[in-house]
Amino acid sequence: MKQSFLWGGSLSAHQCEGAYNEGGKGPSIMDYVGVGSKDKIRQVYSQIEEGVIYPNHTGIDFYHRFQEDIALFAEMGFTALRISIDWSRIYPQGDDDIPNQEGLDFYHKVIDELIKYGIEPIVTLYHFEMPIHIVYQYQSWYNRQIVDLFVRYCQTVMLSLKGKVKRWITFNEMNHIDLDGPYSDTFTYILTGLRCSQYNNKKEFEARVSYHISLANAKVVKMAHEIDSNNQVGCVFGITPFYPKTCHPLDVMKAFNDSHKDLYQLDAMTKGEYPRYKLKEYQRLNVNLDIKNEDVYDFQQGKIDFIGVNYYCSEVSSFEDSGEKAMFGGYFNPYLEETRWGISIDPIGLRYVLNMLDRYYHLPILITENGIGLNEKVEDGYIHDSSRVDYLKKHIKELSKAIEEDSVNCIGYLVWGPIDLVSATTGEMKKRYGFIYVDKDDEAKGTYKRIKKDSFYWFKDFLSQQKRSRK
């Protein structure tokens, strides 16, 4: 690996910060998500329900403990940490006249702490933390007016943090707005605060949301480059490769379409225009978009500088019904092991995805999330997570092959999440990803004490070896 290669982890504000009603923060869509399965994401209420546990309200208390956590990341040898900024901390209602200075001050403190340890801050501007007022008042990303509100929020943050942050990420996994399968409504709520099933024309809902997000991305990229020529802006996509179930031509075609269905947003963000094939598809479906003449210029001027990739699993495609569907709308692969949450473990799939994106787009790729959720217990003060170590070893091995044998331009590997945090999809704490255990359970009980897992010491040693090998 090159000396400049980034090693570290990724966090999101709503899953770790807590302090949901402190520091001038307003309510966001994720503040209304209670503990539950994929079918139990809470409806949007005007107030918090009595008797419902909302794990994001306390998160892992990163808001008050970030110095302790960043010191642990530094001890492991991180060179980068991706965080997200909560829109509702900066503009509590989303459309306020002036920003909340207390929110800006908090993120300055976090980023200053990272810089103190030589850890590069990578900032995501939208990781599902939309002010709930935006949903009520404007219908979220369904409404084109949100584009300008989002751009104004991003401008406020970028001007405030100018010189401290050089790598920015506009959106996290907004490509899942088109998701089919059992998690469709869950993901559209997480991404927008809305449910696609609320709309009679699901395709038009998806099309409008996707177009407005892509346009907002272009405007923010252009603005970021104007604010500071050193700024680099990317967007994060959750990429799941689909393999054909058989060599039947229809299976192969189905796998091709499933693997590429999310890439139209990436096409729009890298090629300087909204894809012709997608606009033609909308035309066939009688989907109407509010497209302005100036949008053409914005897309031309707002091309991203790098691609962020969240990779967790692969799935199988079949033109025939092949049984129970997996998370992203495909089917389970009988050749692969699965986690208890139905996620296949496929290290080679990471190499596949990196090669595909490298050959299509010719941009630097940053792996922004990769990790495994495990149900873990403390035993005599220790957490033995050999399964996590094995998972990461295998994925890093395939990453190395992609870089060294396939010449993929990958600039970093960030683990999700380096410390246990609240699950975005289910609100659980028991789905643990971290190198660091947090003493909190699904009932929001616990001391919040941090405990180093076996994987903490393994990753610390691994990063030390990487550092020595580069000298």
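Q: Which side chain does Asn231 join through a polar contact?
A: In this predicted model, the side chain of Asn231 makes a polar contact of 3.0 Å with the side chain of Trp168.

Q: And what does the backbone oxygen of Ala224 lie 3.0 Å from?
A: A polar atom of the Asn231 side chain lies 3.0 Å from that backbone oxygen of Ala224.

Q: Where is Asn231 found, and between which elements?
A: Asn231 sits in the loop that runs between helix 8 (202–227) and strand 5 (232–238).

Q: Buried or exposed, then?
A: Asn231 counts as buried, because its relative accessibility is 5%, and the cut-off for buried is under 20%.

Q: What is Asn231 in contact with, leaving aside neighbours within four places in sequence?
A: With those neighbours set aside, Asn231 touches Val165, Lys166, Trp168, Ala224, His225 and Asp305.

Q: Switching to the strands: how many are in the barrel, and in what order do they run?
A: The barrel is closed and has 8 strands, running 1-2-3-4-5-7-9-10 with parallel pairing, and from one strand to the next the twist averages 25°.

Q: How many bridges join strand 2 to strand 3?
A: Strand 2 (residues 80–84) and strand 3 run parallel and are joined by 5 bridges; in one of the pairings, Ala80 has Glu120 of strand 3 as its bridge partner.

Q: Which strands does helix 8 touch?
A: Helix 8 packs on the sheet, where it touches strand 3, strand 4 and strand 5, and its direction makes about 170° with that of strand 4.

Q: How many residues of helix 7 are buried?
A: Helix 7 (residues 184–192) is mostly covered, with 8 of its 9 residues buried, and these are Ser184, Thr186, Phe187, Thr188, Tyr189, Ile190, Leu191 and Thr192.

Q: What do those buried residues pack against?
A: The buried residues of helix 7 pack against strand 3 (120–126), helix 5 (132–138), strand 4 (167–172) and helix 8.

Q: Which residue follows helix 7?
A: Gly193 follows helix 7, and the phi of Gly193 is positive, near 80°.

Q: Last topic: at what angle do helix 10 and helix 11 pack?
A: Helix 10 (residues 263–271) and helix 11 (residues 276–284) pack at about 130°, with their axes 9 Å apart, which means that helix 10 is oblique to helix 11.

Q: Which residues make that contact?
A: Leu263, Tyr264 and Asp267 of helix 10 meet Tyr277, Lys278 and Tyr282 of helix 11, and the residues of this contact divide into 4 nonpolar, no polar and 2 charged.

Note on methods: Residues are numbered from 1 along each chain as its sequence is written. This is a predicted model: local features need pLDDT of at least 70, side-chain atom pairs count only at pLDDT 80 or more; totals for chains, interfaces and linings use all residues. Side-chain values use heavy atoms; hydrogens and water are left out. Axes are lines fitted to C-alpha atoms, for helices over the stretch in contact, and angles run from 0 to 180 degrees between N-to-C directions. Helices (H or I, at least four residues) and strands (E, at least two) are DSSP runs, numbered from the N terminus. Angles under 35 degrees count as roughly parallel, over 145 as roughly antiparallel, 65 to 115 as roughly perpendicular and the rest as oblique. Contact means heavy atoms within 4.5 Å. Ala, Val, Leu, Ile, Met, Phe, Trp, Tyr, Cys and Pro count as nonpolar, Asp, Glu, Lys and Arg as charged, and the others, Gly among them, as polar. Buried means under 20% relative accessible area, exposed over 50%, partly exposed in between (1.4 Å probe, protein chains only). A polar contact is a pair of N or O atoms within 3.5 Å; within protein, one must be able to donate a hydrogen and the other to accept it, and residues adjacent in sequence count only if both atoms are side-chain atoms. Two strands pair if DSSP finds at least two bridges between them.
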